[in-house]
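Here are my notes on this one, as promised. Have the model open while you go through them.

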Amino acid sequence: MSIVKINVLTVPEDQRETLEKRFAARAGAVESSDGFEWFELLRPVEGTDTYLVYTRWRTEEDFQRWMAGRGQAAHGGDGPQAAEKPRPAATDATLWSFEVVQQAAPKQS
């Protein structure tokens, strides 16, 4: 089954809009990647400053290939423009990794 990567981002309240705009601006950057299955940006609603960036991949190898290529560029890699990048909206980030062992979808009528 698939694997899930959840990037846990600590985002101060004054940077929330910036973070969301940056994700919106790069919409489509991951969708055509081999092995990509799903993406969600989750905004906190219960008194926390933690955003979750949820991605689902066919295999760990697919995720690693994306990170080594387009993912590195999307995350401010070492390219020639890296020095010109704006400061990150998040003050901390942690990557969680999971294997999907069960799943369910709505029943079709």
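The points below cover the ground rules, the sheet, the helix across it and the cores.

1. Ground rules. This is a predicted model, so to speak of local features takes pLDDT of at least 70 and side-chain atom pairs count only at pLDDT 80 or more, while totals for chains, interfaces and linings use all residues. Numbering starts from 1 along each chain as its sequence is written, and side-chain values use heavy atoms, with hydrogens and water left out.

2. The sheet. Four strands form an open sheet in the order β2-β3-β1-β4, with antiparallel pairing. Strands here are DSSP E runs of at least two residues, helices are H or I runs of at least four, both numbered from the N terminus; pairing takes at least two DSSP bridges. From one strand to the next, the twist averages 15°.

3. One pairing in detail. Six bridges join β2 and β3 (residues 50–57) in the antiparallel sense. E40 has Y54 in β3 as its bridge partner.

4. The cores. The largest nonpolar core has seven residues: L9, V11, L19, F23, Y51, V53 and A89. Such a core joins buried Ala, Val, Leu, Ile, Met, Phe, Trp, Tyr and Cys through side-chain atoms within 4.5 Å, buried being under 20% relative accessible area with a 1.4 Å probe, protein chains only. Both α1 (16–25) and β3 give two or more residues to this core. A second, separate core of six residues includes I3, W57, F63 and W66.

Note on methods:
Axes are lines fitted to C-alpha atoms, for helices over the stretch in contact, and angles run from 0 to 180 degrees between N-to-C directions. Buried means under 20% relative accessible area, exposed over 50%, partly exposed in between (1.4 Å probe, protein chains only).
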